[in-house]
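Good morning, and thank you for coming. Please keep the sequence and the structure in view while I speak.

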Amino acid sequence: MNKRWHKPMGLVLLVVAAAAAAVLAEVALPAAARAQSEGQRESQKQTRAQLNVITSGGFAAAFQELQPDFEKSTGIKLTVTRGASQGSGPDTIGAQLRRGFPADVVILSREGLDDLIAEKRIAAGSDVNLGQTPLGMAVRAGAPKPDISTVEAFKQTMLRAKSVTFPGSTTGIYMVKKLFPQLGIASEMAPKTTSTGVAAVAKGDAEIAVQPVSELLHAPGTKFVGTIPKEIQYVSVFSAAMVMGSKEAKASKQLLDFLTSEKARTAIKASGMEPVKAR
């Protein structure tokens, strides 16, 4: 009796085991699919992260080089707006934030950033210094280079120029309120200066532009003359920080870390700035 049923019983056990394995596979498959789907959703969520960045002109050239690399490596999309670091105009970075513009990260002069920190518009401890650049001069492409080798030469160049332009931001404030009075030429310069910047020189609307070197080196249609004498020099430090109330704190931190990375330092240097310590 036992011999007659031995083989069929073995077959039955094999069939049962196979059926159980099939059931387990069917149960496990949806679980794996769910896990994969959740992973895809998380990845898509990260990819959909978007940051609103406001940057001043001094750091714009470096940021333009860095933006594609950051977006490709992180999947975070950046929407970039321009604004002046300081001043009284409606498009300064401070004015935009006061109007409620939903910025996540700002990049501007250290003086402008300190103003925003005092207004409690910056997330505490998030500010980092990125680079520094001196004041320089540019003329229209093809025009002769004026002499700015000494303080007196710079002064005479300013007096002879028919028109001079510079941004109405941090360095412009320095020139109007300190440099020109120091040189004794404030009244002579007032009627022939504008705040349109180096773009006006390229168009022929201004003869000379004086502003941070990082804004001049790669300006199309212009020729870089050099830096102004060290005795009257003003070195701008550009910094970045996360805006208070940003809904993308993690992505903002990623951007700030990227801007202080070695890769970023190379682009910052190429733009005419010297990288500085983050703090």
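Predicted model: local features only at pLDDT ≥ 70, side-chain atom pairs only at ≥ 80, totals over all residues.

Among contacts in this chain between residues at least 6 apart in sequence, 77% join residues at least 24 apart. The chain has 279 residues, and 43% of them are buried. Its secondary structure consists of 11 helices and 11 strands.

Let me begin with strand β10, which covers residues 236-242. Six of its seven residues are buried, so the strand is largely enclosed by the rest of the structure. Which strands pair with β10? One of them is β3, residues 105-109, which pairs with β10 in the antiparallel sense over five bridges. Within this pairing, V105 has M242 of β10 as its bridge partner. Another is β4, residues 128-133, which also runs antiparallel to β10 and is joined to it by five bridges. Here T133 stands opposite S236 in β10. As a general point, the side chains of a regular strand alternate between the two faces of the sheet.

Is S252 buried or exposed? Its relative accessible area is 0%, and S252 is therefore buried, since the cut-off for that class is under 20%. Leaving aside residues up to four places away in sequence, S252 touches L51, D104, V105, M242 and S246.

K250, however, counts as exposed because its relative accessibility is 66%. The C-alpha atom of K250 is separated by 9.7 Å from that of A49, although the two residues are 201 residues apart along the chain.

I turn now to an open sheet of five strands. What is the order of its strands? The order is β7-β6-β8-β5-β9, and the pairing is mixed. At the edges are β7, residues 193-194, and β9, residues 222-227, each of which pairs on one side only. Inside the sheet, five bridges join β5, residues 135-140, to β8, residues 208-212, and these two strands run antiparallel. One example is M137, whose bridge partner in β8 is V210.

Next, a pair of helices. Two packed helices are described by the angle between their axes and the distance between the axes. Helix α5, residues 151-160, packs against helix α6, residues 170-183, at an angle of about 105 degrees, and the axes are 10 Å apart. The two helices are therefore roughly perpendicular to each other. On the side of α5 the contact is made by V151, F154, K155 and M158, and on the side of α6 by L179, F180 and L183. By class, this contact has six nonpolar residues, one charged residue and no polar ones.

Most residues other than glycine have a negative phi. In K120, phi is near 60 degrees, a positive value in a residue other than glycine. K120 counts as exposed, because its relative accessibility is 66%.

Thank you for your attention.

Note on methods: Residues numbered from 1 in each chain as written. Heavy atoms only, no water. Buried < 20%, exposed > 50% of the residue type's maximum accessible area, 1.4 Å probe, protein only. Contact = heavy atoms within 4.5 Å. Axes fitted to C-alpha atoms, helices over the stretch in contact; angles between N-to-C directions. Helix = DSSP H or I, 4+ residues; strand = E, 2+ residues; numbered from the N terminus. Parallel < 35°, antiparallel > 145°, perpendicular 65-115°, else oblique. Nonpolar A, V, L, I, M, F, W, Y, C, P; charged D, E, K, R; others polar. Pairing = 2+ DSSP bridges.
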